[in-house]
Amino acid sequence: MQDKSEGTNFAPFNMPLGDGREVLVREITEDDKAGLLAAFNRLSADARYTRFMAAMRELPEAMLEHATHPAVEREFALVALDTGNEGPSIVGGARYAAAPGSDTCEFAVTVADDWHRLGLASKLLGTLIDIARRRGFRHMEGYVLSSNTGMRRLAKRLGFADVPCPDDATLRVVTLALQEGVRGCDV
Ligand SMILES: CC(C)(COP(=O)(O)OP(=O)(O)OC[C@H]1O[C@@H](n2cnc3c(N)ncnc32)[C@H](O)[C@@H]1OP(=O)(O)O)[C@@H](O)C(=O)NCCC(=O)NCCS
């Protein structure tokens, strides 16, 4: 099987936000465990619920281990870091994962509560879309709580279709075709 990551290395870059601040966006590394855990611990109960669709008081070690060791061929994860005065801290993240051999990947995106509404999730997801497209995926999808209007609006703005989840009335499935030549970062 062709390695989807071949020739598509990701270079870190500074991303400007709506209030004039910047974050550093880079690929996650195995050294991000502590930072990711700290970011999880700072999330509100609401944000944890909408991200994981379960009441999560702790981030299990196995999830942390997996999150910081994406499978090169079918997973990719970005983190956004506040590099301000208090030292680098993770304030956002976006990732996709695909089943082995599948050309559809599933995304997830999370932004720290006090960094909302600055365009960070839109830009992270736009970047993730470009990476998934360059790595040969043909579809991206996400499972979103029906009540998560912010995420649904954001996905619609990026061109995702928003349809009911056949198995669960509390969920919506947002889907995007990743044809060549359609840009994901126009946000
Ligand atoms: C959903 C979530 C990811 C959105 O993150 P965000 O960074 O606030 O999203 P954005 O800023 O890109 O967009 C949100 C809103 O801010 C607005 N916005 C974007 N840029 C802006 C700017 N420069 N100034 C002011 N507002 C702006 C957007 O228009 C959007 O408004 P809308 O909802 O009216 O369309 C965030 O609320 C979150 O992490 N929730 C918990 C986890 C979750 O639900 N994840 C989704 C399931 S995978």
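Predicted model: local features only at pLDDT ≥ 70, side-chain atom pairs only at ≥ 80, totals over all residues.
In soluble globular proteins, nonpolar side chains tend to be buried together. In this model, the largest nonpolar core comprises 38 residues. Within that core, L125, M140 and F160 have the most contacts. Two or more residues come from each of several elements, including strand 2 (22-27), strand 3 (75-82), strand 4 (89-98) and strand 5 (104-111). Helix 4 (120-134), strand 6 (139-145), helix 5 (149-157) and strand 8 (168-177) are also among these elements. The greatest contribution is that of helix 4, which gives 8 residues.

Once neighbours within four places in sequence are set aside, L125 is in contact with F107, M140, M151, L154, L158 and F160. Two of these partners, M140 and F160, are themselves named with L125 as having the most contacts inside the core.

Residues up to four places away in sequence left out, V79 touches L24, V25, R26, E27, I28, D32, I90, G92 and G93. One of these, I28, is 51 residues from V79 along the chain, yet the C-alpha atoms of the two are 5.8 Å apart.

Charged side chains come next, with 7 salt bridges in the structure. One of them pairs D19 with R21, and here the closest N and O atoms are separated by 2.7 Å. D19 counts as partly exposed because its relative accessibility is 38%. R21 is likewise partly exposed, with a relative accessible area of 36%.

A further salt bridge joins E65 to K33, with 2.6 Å between the closest N and O atoms. This pair ties together distant parts of the chain, since E65 belongs to helix 3 (residues 61-67) and K33 to helix 1 (residues 33-42), 32 residues apart. E65 has a relative accessibility of 35% and so counts as partly exposed; for K33 the value is 23%, which also counts as partly exposed.

Are D130 and R133 buried or exposed? Both are buried, and they form a salt bridge whose closest N and O atoms lie 3.2 Å apart. Helix 4 holds both residues, 3 residues apart, or about one turn of the helix. Elsewhere, salt bridges with shared partners link K33, E61 and E65 into one network.

For R117, a backbone N or O atom is 2.7 Å from a ligand oxygen, while for L118 the corresponding distance is 3.2 Å. A polar backbone atom of A121 lies 3.0 Å from an oxygen atom of the ligand. Taken alone, the ligand exposes 940 Å², and the protein buries 78% of that area.

Conventions. Residues numbered from 1 in each chain as written. Heavy atoms only, no water. Core = buried A, V, L, I, M, F, W, Y, C linked by side-chain atoms within 4.5 Å. Buried < 20%, exposed > 50% of the residue type's maximum accessible area, 1.4 Å probe, protein only. Helix = DSSP H or I, 4+ residues; strand = E, 2+ residues; numbered from the N terminus. Contact = heavy atoms within 4.5 Å. Salt bridge = Lys/Arg side-chain N within 4 Å of Asp/Glu carboxyl O. Polar contact = N/O pair within 3.5 Å; in protein donor to acceptor, adjacent residues only side chain to side chain. Areas by Shrake-Rupley, 256 points an atom, 1.4 Å probe, with all protein chains shown as cover.
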